[in-house]
Amino acid sequence: MTDSHPNPDRDATQRVRIFDTTLRDGEQSPGISLNRQEKVEIAFQLARLGVDVIEAGFPISSPGDFESVQAIAREVEGPIICGLARTGHQDIDAAWNAVKDSPRPRIHTFISTSDIHIVHQLQTTREDVKGQAKAAVAHARQYCEDVEFSPMDATRADWEFTAEVIQIALDEGASTINVPDTVGYSMPNEYAHMWSELYRLVPGLQKVITSVHCHNDLGLAVANSFAGVEAGCRQVECAVNGLGERAGNASLEEIVMLLSVREADHGLFSEVATREIARTSRLVSRLTGYQVQPNKAIVGRNAFAHESGIHQDGVLKERTTYEIMDATDVGLEANSIVLGKHSGRHALRDALEQLGFKVDGHALNVAFKRFKEVADKKKQVTAMDLEALVTDEIRATQEGAFELESFEVEASSGRSPHASVRVKLPGGEVAEGSFTGDGPIDAFFSALNAATNREGRLKEYRVGAVTGGRDALGEVTVRIELDGVGASGQGVSTDILAASGQAYLRALTNALANSPVAEAEHHLERAASRQPTP
Ligand code: KIV
Ligand code: ZN
């Protein structure tokens, strides 16, 4: 509670810091495979949203994660950039090397304090956990003043033991103490009670930032987080669209709007720019391939829709009859930009700038070419369309990607569908493939497997539309498995088959990038070029 808020009417001690873990805990959701460029783009949007901390990844976990965290630390200004580390020195060194170029670096280190974890997972003793926590915080503090410590699975631990470990972390200089409900087991009154006990047992907690991190296994992540905040915590760890391990983390948008809508009652606030919420949610959904459920609070398609006649009647007469917040407060009106086929480069650049994308030179030429292709087929190109196209371009620039050169899919009643494709391989040469399948998509994707010489297995195929109307841009998400590695890819086009082909090739590219062989090769390349290994 040391920062001061620029609005003098607000009490700075009531400011709740928003710690976003979409790129770390969120990325641990099964099947999410974001590449570096996608992670950097999400981080830029999180900075626009105004979060206080971005937990950008777990640098020791893979060279790819290390490089993504490093790129975010180097490029994204504003929020604190944080890297996660277990207690080992190698983990902490990796986290520090990844975040050290940020103007505001943080190391977040953790170890479990529950006996279930200590005995069965760590296979060690409470004494050893104390020693590891001490050594980890001390080591991290040699590098960085901003060190966060988390006693993992604390809600199922002996609170007195957790308090002892927290005291050790404080003695070694930790500046934020985060107490997670790792398995989403707690209840709001219990979580609040745990906090009051910890404050009683460790008076030093009053002098640092205390933080909540709640999982949603019982659907209580937001309620538990808020109970912690009411108990005195001033940092909430959360993820966009509630992504995260298993049932996910507390949803960022729900926490932020709970703080904002009921501020008059609880007196707490965050500094998030709420009007960026909808766009952040769409970007994360697109890039992760995780659709938002229609009735999801704040960002679901139906969050501001009224089906019942009585409700519609009420809202038409007076919005507040059935709405507790305005859709514009979360940025849901942002479809006001409309371009057409006669719009020029300047109009496009201005529209993109309004959306927060700065494009000039080559990037503007690429964006303009893409825009023209769409504007020729679609009467009106809206803000949502532009967002989808820009996000699609971010994916298109991935290194080592397969590219769809051309395709032909023939399907008619009474004959087996046939597809032939030409694919540009990462080395530049073009390969061809053809296949007769059970259905047009089966034939198409099998032909892509043949051209790329891979055996991708389709797990999920989803088609959506960016906006309404028959000429809407189609958006396709594909989930595949390749040699035991799961990955997803997305594609956007006015032609749904073109979007499907792009999505499938991106999923193949992502699966290869995530495969253990690719990771091993990457290590060798780094060793050969003498770059420091995390
Ligand atoms: O859920 C959890 O306990 C975590 C820690 C690493 C903070 O994600
Ligand atoms: Zn977690």
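This is a predicted model: local features need pLDDT of at least 70, side-chain atom pairs count only at pLDDT 80 or more; totals for chains, interfaces and linings use all residues.
I looked up the strand order first. Three strands make an open, antiparallel sheet, ordered β11-β12-β13. The edges are β11 (403-412) and β13 (430-436), each pairing on one side only. From one strand to the next, the twist averages 10 degrees. I then checked β11 against β12 (residues 415-424) and found eight bridges in the antiparallel sense. Across that pairing, E410 stands opposite H418 in β12.

I found nine aromatic pairs in the structure. In one of them, the ring centres of W195 and Y199 lie 5.8 Å apart with planes at 40 degrees, so I logged the pair as tilted. The two sit four residues apart in helix α7 (residues 188-201), so about one helical turn separates them. Both W195 and Y199 are buried.

F368 and F371 form a tilted pair too, at 6.1 Å between centres and 35 degrees between planes. They are three residues apart in helix α14 (residues 361-377), so about one helical turn lies between them. F368 and F371 are both buried.

One aromatic cluster takes in F407, F444, F445, Y461 and Y504. I also looked for arginines over rings. R48 lies over the face of F357, 5.6 Å from the ring centre. R126 lies over the face of F161, at 4.8 Å from the ring centre.

How values were computed: Residues are numbered from 1 along each chain as its sequence is written. Chains are lettered from A and ligands numbered from 1 in the order in which they are written. Side-chain values use heavy atoms; hydrogens and water are left out. Two strands pair if DSSP finds at least two bridges between them. Axes are lines fitted to C-alpha atoms, for helices over the stretch in contact, and angles run from 0 to 180 degrees between N-to-C directions. Rings of Phe, Tyr and Trp (its six-membered ring) pair if their centres lie within 6.5 Å; planes under 30 degrees apart count as stacked, over 60 as edge-to-face and the rest as tilted. Buried means under 20% relative accessible area, exposed over 50%, partly exposed in between (1.4 Å probe, protein chains only). A charge sits over a ring if NZ of Lys or CZ of Arg is within 6 Å of the ring centre and within 35 degrees of the ring normal.
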